[in-house]
Amino acid sequence: MTTPLPRRLFTLLAATALATPFTAQAQAWPAAKPITLVVPFTAGGSVDFSARLVATKLGERLKQSVVVENVAGAGGAIGVSKVVQANPDGYTLVVGPDSPIVIGRLINPSAFRYDPLTDLAPVGLISTAPMVLVARPGLPAKDFGEFVKLAKKEPGKYNYATSGIGTVLQLAMELLKDQTGTFVTHIPYRGGAQIASDVIGNQVDLAMLVATTAMPHISAGRVKALGVTGAKRLPNLPQVPAFAEMPGLKGYEMNTWIGLFAPGKTPPEVVARINQELNEVLKSDEIKAKFSEQGATAGNGSPAQFGTFVREEYARNQKIVQRANIKE
């Protein structure tokens, strides 16, 4: 007669059997096939730059091909959706910036149908970068404090440009408006290329720009730099104050960021392995230097830490969108 297994031993064996496929999958990854990093925008931008930088170094570490695939459209929704629907095996990932991850659904839920907090598995933070608020040369204000006085004296007279509705650039300015009690009209452009030219030409009053776009124009004296959205000054623009230094704006901080995500049901062991390799890539002096040239800082941290960061960003952006009544 067969002796039945003790209940505790049976439970342990059952749990081990269930865990074995995931453990084996994590150990096998990435031997099975090349890894695809989906970029939800066209080639040539900051997200594409970051993806290709990481892809090259990940490929070297993993001794496996890491291919960048640009899947543009609908403000990033198409590319992110492709990864949401992909097989959760660690071979299809998305290099996601803030806009299609923690803003898009808040502005236009009909286009961004996935839930970024459940349909994606946060792998790791790739980089963060502050934005810079610049003003046209003819604006009668030498700093942000003087501009606030102008804007309060004549509400609605002044305007600011960004690369579109629902971008982190718009949210950063709307948060400034809320905290300073000013009304400045938003002028959304279809992209960032024309904005700097129009500010230089005195066609728009202000523009919220990513640091890489703003730096050369500030250095050449073509625009006035009013402030940096990060917690502290940029090393490449030490003369430009951070908004957090200014009266009434203590604690103000808003950065653009880029992260790596997997489909939501990717096994935690696989996510942890990808995160480990990503962090090793981001530690290198070469990668840090390349990001610094772009006005960015290389990321780090665990999947859990990045997940917390994403949830906090979503909650903060939700409040800004609601207060400013931002709609597509």
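This is a predicted model: local features need pLDDT of at least 70, side-chain atom pairs count only at pLDDT 80 or more; totals for chains, interfaces and linings use all residues.
Biologist: How far apart are the end C-alpha atoms of α2?

Modeller: They are 24 Å apart, and this agrees with the 24 Å that 17 residues should span at 1.5 Å a residue. The helix covers residues 46-62.

Biologist: Which residues of α2 are buried?

Modeller: The buried residues are V47, D48, S50, A51, L53, V54, A55, K57, L58, G59 and L62.

Biologist: Turning to the core, which members of the largest one touch the most other members?

Modeller: Those are L133, F144, F147, L176, L206 and M254, in a nonpolar core of 51 residues. Several elements each supply at least two residues of this core, among them α3 (77-84), β4 (120-135), β9 (255-263) and α11 (303-324).

Biologist: Which element gives the most to this core?

Modeller: Helix α6 does, with seven residues. There is also a second, separate core of 33 residues, which includes A51, L62, L93 and A296.

Biologist: What is L206 in contact with, leaving aside its neighbours within four places in sequence?

Modeller: L206 is in contact with L133, V134, A135, L139, F147, N159, Y160, A161, M173, V199 and L226.

Biologist: Now to charges. How many salt bridges does the whole structure hold?

Modeller: A search finds 15. In one of them, D205 pairs with R136, and the closest N and O atoms are 2.7 Å apart. The two residues are 69 residues apart and lie in distant parts of the chain: D205 is in the loop between α7 (193-200) and β7, and R136 is in the loop between β4 and α5.

Biologist: Are D205 and R136 buried or exposed?

Modeller: Both D205 and R136 are buried.

Biologist: And K177 with E174: what is the N to O distance there?

Modeller: Their salt bridge has an N to O distance of 3.1 Å. The two residues are three apart in helix α6, so about one helical turn separates them. K177 has a relative accessible area of 9% and is buried, and E174 counts as buried at 11%.

Biologist: Where do E280 and K283 lie?

Modeller: E280 and K283 are both in helix α9 (residues 268-283), about one turn apart. The closest N and O atoms of their salt bridge are 3.0 Å apart. E280 is partly exposed, at 32% relative accessible area, whereas K283 is exposed, at 51%.

Biologist: What about aromatics: how many pairs does the structure hold?

Modeller: It holds 11 aromatic pairs. W257 and F261 have ring centres 6.4 Å apart and planes at 45°, so that pair is tilted. W257 is buried at 2% relative accessible area, and F261 is buried at 0%.

Biologist: Why does the pair F306 and F309 count as stacked?

Modeller: The planes of F306 and F309 are at 20°, and planes under 30 degrees apart count as stacked. Their ring centres are 6.2 Å apart. F306 is buried, at 3% relative accessible area, whereas F309 is partly exposed, at 24%.

Biologist: Last one: which residues form one aromatic cluster?

Modeller: The cluster is formed by F144, F147, Y158, F243 and Y252.

Note on methods: Residues are numbered from 1 along each chain as its sequence is written. Side-chain values use heavy atoms; hydrogens and water are left out. A nonpolar core is a set of buried Ala, Val, Leu, Ile, Met, Phe, Trp, Tyr and Cys residues joined through side-chain atoms within 4.5 Å. Buried means under 20% relative accessible area, exposed over 50%, partly exposed in between (1.4 Å probe, protein chains only). Helices (H or I, at least four residues) and strands (E, at least two) are DSSP runs, numbered from the N terminus. Contact means heavy atoms within 4.5 Å. The expected span of a helix is 1.5 Å times one less than its number of residues. A salt bridge is a side-chain nitrogen of Lys or Arg within 4 Å of a carboxyl oxygen of Asp or Glu. Rings of Phe, Tyr and Trp (its six-membered ring) pair if their centres lie within 6.5 Å; planes under 30 degrees apart count as stacked, over 60 as edge-to-face and the rest as tilted.
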